Amino acid sequence: MVQSSQPFRAARAGPLRGRIEVPGDKSISHRALMLAALAVGESRIEGLLEGEDVLATAAALRAMGATIERGADGVWTVHGVGVGGLLQPAAALDMGNSGTSTRLLMGLVASHPITATFTGDASLSRRPMARVIEPLSRMGADVTASPGGRLPLMVRGLCPAVPISYTLPVASAQVKSAVLLAGLNTPGIIEVIEPVPTRDHSERMLRGFGAEIEAGDGRIRLRGEAELRPQHVIVPGDPSSAAFPLVAALIVPGSEVTIAGVGMNPTRTGLMTTLAEMGADLVLRERPDAGGEPVADIVARSSALVGVEVPPERAPSMIDEYPILCVAAAFARGRTVMRGLEELRIKESDRIAAMAEGLRAIGARVEELPDGLVVEGTGGDPLPGGGSIASRLDHRIAMSFAVAGLHCRAPVQIDDMRPVATSFPGFETLVSGLQAG
């Protein structure tokens with residue numbers, strides 16, 4: 001049965017105030033489940049993001065033999081099968097809307113003697129997987145994909161797989177991680193060379209689970225046939241999710257919001273750096289590390305933002321945050337220029353086109369470039385609003401315009417908020433609570 005859409009009306013708000021927590025980091029949640037499923041014994045995971053994307057990963061790992069359960073206290077337990085122990089799934093693995101689940105699980109399957117078929121929703125089925133297929137094929141996996149390297153696709157793993165040294169043609173933590181995960185059950189040394197640093201959650205967590213891994217000077221080297229030890233993982237708040245209430249506090253006059261326990265991995269802080277350059281009033285209060293990741297509380301206060309030119313080389317550290325940065329730019333003084341964003345064309349939607357279309361619909365001035373956007377801000381004044389936004393089944397587009405609507409003269413109508421459940425369940429309730437606070 002086709003689900004009906006979930007429209008949402010974002011209206012102008014008074015000052016936002018309160019202390020909140022955002023859901024657990026999505027990238028870390030995926031990886032914690034996968035590595036726990038390959039460890040021998042019981043791992044415990046606190047703060048796991050219980051969004052649809054991560055639940056798709058959990059379901060796929062169960063289908064391949066891992067025992068994964070959620071306790072009444074919200075702590076997840078995983079009884080792993082050991083590296084090399086994944087079982088043949090009885091049916092196709094439904095990835096929903098999760099590109100991370102798909103690409104990383106393809107890596108796991110690639111070096112196991114099993115065959116898995118990956119399917120997904122309409123949005124995921126439009127996203128190309130060729131950049132993962134290429135290195136996994138070099139390692140010996142047999143991948144049969146739909147035209148254009150898309151889902152549905154089938155991965156027939158090879159055991160033992162072939163160790164490779166692979167240079168990433170584009171900056172992609174997902175491709176890097178897929179190769180490293182395939183390398184866990186591969187004899188010898190697997191090397192990934194990344195010309196531009198990408199988020200390093202996989203390296204940190206592999207080390208925490210006991211894998212032999214070295215990283216430095218753009219080279220990551222993993223010794224295969226690893227024996228992973230079960231762990232107690234505490235997942236910090238997702239910085240990509242924190243970006244939405246953070247920017248909301250910056251643009252709505254008189255606001256002050258504290259976002260507690262946010263992951264501050266240096267490969268993920270590009271948005272914080274950019275907002276600071278724009279004049280954002282942000283205070284970081286460091287907390288003890290969680291799961292090998294730096295953590296802080298973020299205090300965000302309404303600010304007079306100014307436009308900046310974002311260095312293209314910063315893109316890997318904030319690639320998921322450009323939609324909400326566009327919203328901040330729409331209320332800044334002057335022009336904000338964002339280039340080097342070709343990757344956004346192949347996310348859950350074409351995010352460059354989606355943001356340009358949506359910003360125009362609510363009265364912002366924006367120029368769409370082949371590789372980015374130029375946004376002319378209002379200098380802090382409200383936008384006209386009143387537009388209707390097509391979310392394009394993309395959670396970050398939907399949330400970005402829900403935030404923009406908080407500082408528009410007329411309400412902004414978003415066609416469908418259902419995709420938000422993939423990464424930020426409870427988003428609308430959280431925003432309403434800040435308005436009431």
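Biologist: Hi! Which strands does helix H11 lie across?
Modeller: Helix H11 (residues 395-404) lies across S1, S23 and S25, at about 165° to S25. Helices (H or I, at least four residues) and strands (E, at least two) are DSSP runs, numbered from the N terminus. Axes are lines fitted to C-alpha atoms, for helices over the stretch in contact (heavy atoms within 4.5 Å), and angles run from 0 to 180 degrees between N-to-C directions.

Biologist: What should I know about the model itself?
Modeller: It is predicted: local features need pLDDT of at least 70, side-chain atom pairs count only at pLDDT 80 or more, and totals for chains, interfaces and linings use all residues. Residues are numbered from 1 along each chain as its sequence is written, and side-chain values use heavy atoms, leaving out hydrogens and water.

Biologist: Back to the strands, what is their order in the sheet?
Modeller: The order is S1-S25-S23, in an open sheet of three strands with mixed pairing; two strands pair if DSSP finds at least two bridges between them. S1 (8-10) and S23 (388-389) are at the edges with a single partner strand each, so one side of each has no neighbour in the sheet.

Biologist: How many bridges join S1 to S25?
Modeller: Three, and S1 and S25 (residues 412-414) run antiparallel. Arg9 stands opposite Gln413 in S25.

Biologist: New topic! At what angle do H2 and H3 pack?
Modeller: Helix H2 (residues 52-63) and helix H3 (residues 99-110) pack at about 25°, with axes 10 Å apart.

Biologist: Which residues meet there?
Modeller: Asp53, Ala56, Thr57, Ala60 and Leu61 in H2 meet Ser101, Leu105 and Leu108 in H3.
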